[in-house]
Amino acid sequence: MREAVVFRFRLTVNIRRNYRRHLAVVGLLIFLVGLVVSSGALQERTADAVFWTEGIISKSPVIGMLVFVLLAAVSAIVAFFSVAVITPVAIYAWGHGTCLALLWLGWFLGGIASFLIGRYFGRSVAVAIIGEDKIADWEKQISKRSRFIHILIFQALVPSEIPGYVLGILRYPFPLYLLALAITELPYAVATVYLGDSFLEERI
């Protein structure tokens, strides 16, 4: 009982810390989008880049979709890349619904890949990709016996490249991980598409 209380306390502290970090990142992203949109020159150049990229995609739509899904998957595996920067291009090329589906699929596949890397290639490979500190910190808070609601919150509020590796290393049940991953990635995909659409429509 005491261990459960300590676990919940530590999990709450870490989640609050990561929640504030997420709010700061989202706030910065919205500020930068607003800055670009409010600048006529920047908006015009960005629009030209979107049209140019869309022209390339329109010539090979299937390849373009595969590349977009791949980039979304990569953004869920490593921390240094975000597919959000090219989401406006995808919206312009394929529409909101298709972009949302492809974005969610890419993140879902990336989450699966990170889990399998953690589970089958082990801690050393995961550490090489995202760093020792990130894994060690969460290994103390999460276990394969953690309740699903805790995993759901962990998956939702921690940067997307972390949970798959940690839960894979801990050998958390794969079906439950897939369910948590599918649920938590959807609202982020919706929000990313909404921000991308706002950017295209110049809605500050």
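Mentor: One term before we start. Rings of Phe, Tyr and Trp (its six-membered ring) pair if their centres lie within 6.5 Å. Keep in mind that this is a predicted model.

Trainee: Okay. Which residues do ring pairs link into a cluster?
Mentor: Phe-115, Phe-174 and Tyr-177.

Trainee: How many aromatic pairs does a search of the whole structure find?
Mentor: Five. One of them joins Phe-68 and Trp-94. That pair is edge-to-face, at 5.8 Å centre to centre with 70° between the planes.

Trainee: Where do Phe-68 and Trp-94 lie?
Mentor: Phe-68 lies in helix α3 and Trp-94 in helix α4, residues 87–94. They are 26 residues apart in sequence, so the pair ties together separate parts of the chain.

Trainee: Are those two buried or exposed?
Mentor: Both Phe-68 and Trp-94 are buried.

Trainee: What about Trp-104 and Phe-108? Why is that pair called stacked?
Mentor: Their planes sit at 10°, so the pair is stacked. The ring centres are 5.0 Å apart.

Trainee: Which of them is buried, and which is partly exposed?
Mentor: Phe-108 counts as buried, because its relative accessibility is 15% and the cut-off is under 20%. Trp-104 has a relative accessible area of 25%, so Trp-104 is partly exposed.

Trainee: New topic. Which residues touch the most other members in the largest nonpolar core?
Mentor: Trp-138, Ile-142, Phe-154 and Leu-167 do, out of 25 residues in that core. The elements giving two or more residues to this core are α5 (96–121), α6 (123–130), α7 (132–139), α8 (148–157), α9 (163–169) and α10 (174–200).

Trainee: Take Leu-167. What does it touch?
Mentor: Leaving out residues up to four places away in sequence, Leu-167 touches Phe-115, Ile-142, Ile-151, Phe-154, Tyr-172 and Tyr-177. Phe-115 and Tyr-177 also belong to the ring cluster.

Trainee: Last one. Where is Ser-75 found?
Mentor: In helix α3, residues 61–77. Ser-75 has a relative accessible area of 8%, so Ser-75 is buried.

Trainee: Which backbone oxygen lies 2.6 Å from a polar atom of its side chain?
Mentor: The backbone oxygen of Ala-72 lies at that distance from the Ser-75 side-chain atom.

Methods: Residues numbered from 1 in each chain as written. Predicted model: local features only at pLDDT ≥ 70, side-chain atom pairs only at ≥ 80, totals over all residues. Heavy atoms only, no water. Core = buried A, V, L, I, M, F, W, Y, C linked by side-chain atoms within 4.5 Å. Buried < 20%, exposed > 50% of the residue type's maximum accessible area, 1.4 Å probe, protein only. Helix = DSSP H or I, 4+ residues; strand = E, 2+ residues; numbered from the N terminus. Contact = heavy atoms within 4.5 Å. Polar contact = N/O pair within 3.5 Å; in protein donor to acceptor, adjacent residues only side chain to side chain. Phe/Tyr/Trp six-rings, centres within 6.5 Å; stacked < 30°, edge-to-face > 60°.
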